[in-house]
Amino acid sequence: MLGFLSARQAGLEDPLRLRRAESTRRVLGLELNKDRDVERIHGSGVNTLDIEPVEGRYMLSGGSDGVIVLYDLENASRQPYYTCKAVCSVGRNHPDVHKYSVETVQWYPHDTGMFTSSSFDKTLKVWDTNTLQTADVFNFEETVYSHHMSPVATKHCLVAVGTKGPKVQLCDLKSGSCSHILQGIFFETTTTLSKPFNKMKHY
């Protein structure tokens, strides 16, 4: 790494090469935390995780069983080895639980009192963290694959929702309606080139 830095300082190395090398080094150095575990609540696979950005203490998980779990990551016991406990969950017996797999969970960027979830059941749900009740539900005609809220937006409360179709729908949490639709375009190639491209001449 010192060799990379010296070469970069001298202008001999491409900065992208240094970035790739450092990213590779960090990825290869990843390992599971031997001191911390997480309480098992989900009955099947976990599809999505999100840690709230305000304190970095609470984590949401969404599973293929439709269950959502809220974990407290703080080590309250002060012991070197500990298990992060589930604070609460939206289980299969909850009246507002997703019918099918939860694909995305996300905290509201500026307040831990609210979070969102989307599912294969064609819904985006807005949750009150304190009561674990839905504050709003957006229904879609097609399967919902993902959603996201901007972490820096302060003038709007829009959620971008990606569905099976070639469009992204923007849902306004303030008005409770889908305010905009961003259309996508599919490109399909049906022909093949019979001749290779000729090289362009430079003058």
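Me: What is the volume of the largest cavity, and what makes it a cavity and not a pocket?

Reply: In this predicted model, the largest cavity has a volume of about 70 Å³, and a search of the whole structure finds one cavity of 30 Å³ or more. The term cavity is used because a 1.4 Å probe fits at its points but cannot get out, whereas a pocket is an open set of points.

Me: Which residues line the largest cavity, and how do you know to which classes they belong?

Reply: The lining is made up of Tyr108, Pro109, His110, Met149, Ser150, Ala153, His156, Cys157 and Leu158. By class, six of the lining residues are nonpolar and three are polar, with no charged residues.

Me: What is known of the largest pocket, and which elements contribute two or more residues to its lining?

Reply: The largest pocket has a volume of about 310 Å³. Of the 15 residues lining this pocket, Val38, Glu39, Leu49, Met59 and Tyr71 are the closest to its centre. The elements that give two or more residues to the lining are β1 (36-38), β2 (46-51) and β3 (58-63). By class, the lining of the largest pocket has eight nonpolar, three polar and four charged residues.

Me: Why is Thr116 called buried, and what does its side chain meet?

Reply: Thr116, which is placed in strand β7 (residues 114-119), has a relative accessibility of 1%, and since buried means under 20%, Thr116 counts as buried. The side chain of Thr116 makes a polar contact with the side chain of His147 at 2.8 Å, a value within the 3.5 Å cut-off for N or O atoms.

Me: Is Cys178 buried, partly exposed or exposed, and how do Cys84 and Cys171 count?

Reply: Cys178, in strand β13 (residues 177-183), has 36% relative accessibility and therefore counts as partly exposed, as buried means under 20% and exposed over 50%. Cys84, at 1%, counts as buried, and so does Cys171, at 0%. Leaving out residues up to four places away in sequence, Cys178 touches Phe138, Phe140, Gln169, Leu170 and Cys171.

Me: How many disulfides does the structure hold?

Reply: The structure holds zero disulfides, a disulfide being a pair of cysteine sulfur atoms within 2.5 Å.

Notes
Residues numbered from 1 in each chain as written. Predicted model: local features only at pLDDT ≥ 70, side-chain atom pairs only at ≥ 80, totals over all residues. Heavy atoms only, no water. 1 Å grid on protein atoms, 1.4 Å probe; cavity = no way out; pocket = protein on both sides within 12 Å on 5 of 7 lines; lining within 4 Å. Points joined across faces, edges and corners; volume = space filled by probe spheres on them. Nonpolar A, V, L, I, M, F, W, Y, C, P; charged D, E, K, R; others polar. Buried < 20%, exposed > 50% of the residue type's maximum accessible area, 1.4 Å probe, protein only. Helix = DSSP H or I, 4+ residues; strand = E, 2+ residues; numbered from the N terminus. Polar contact = N/O pair within 3.5 Å; in protein donor to acceptor, adjacent residues only side chain to side chain. Contact = heavy atoms within 4.5 Å.
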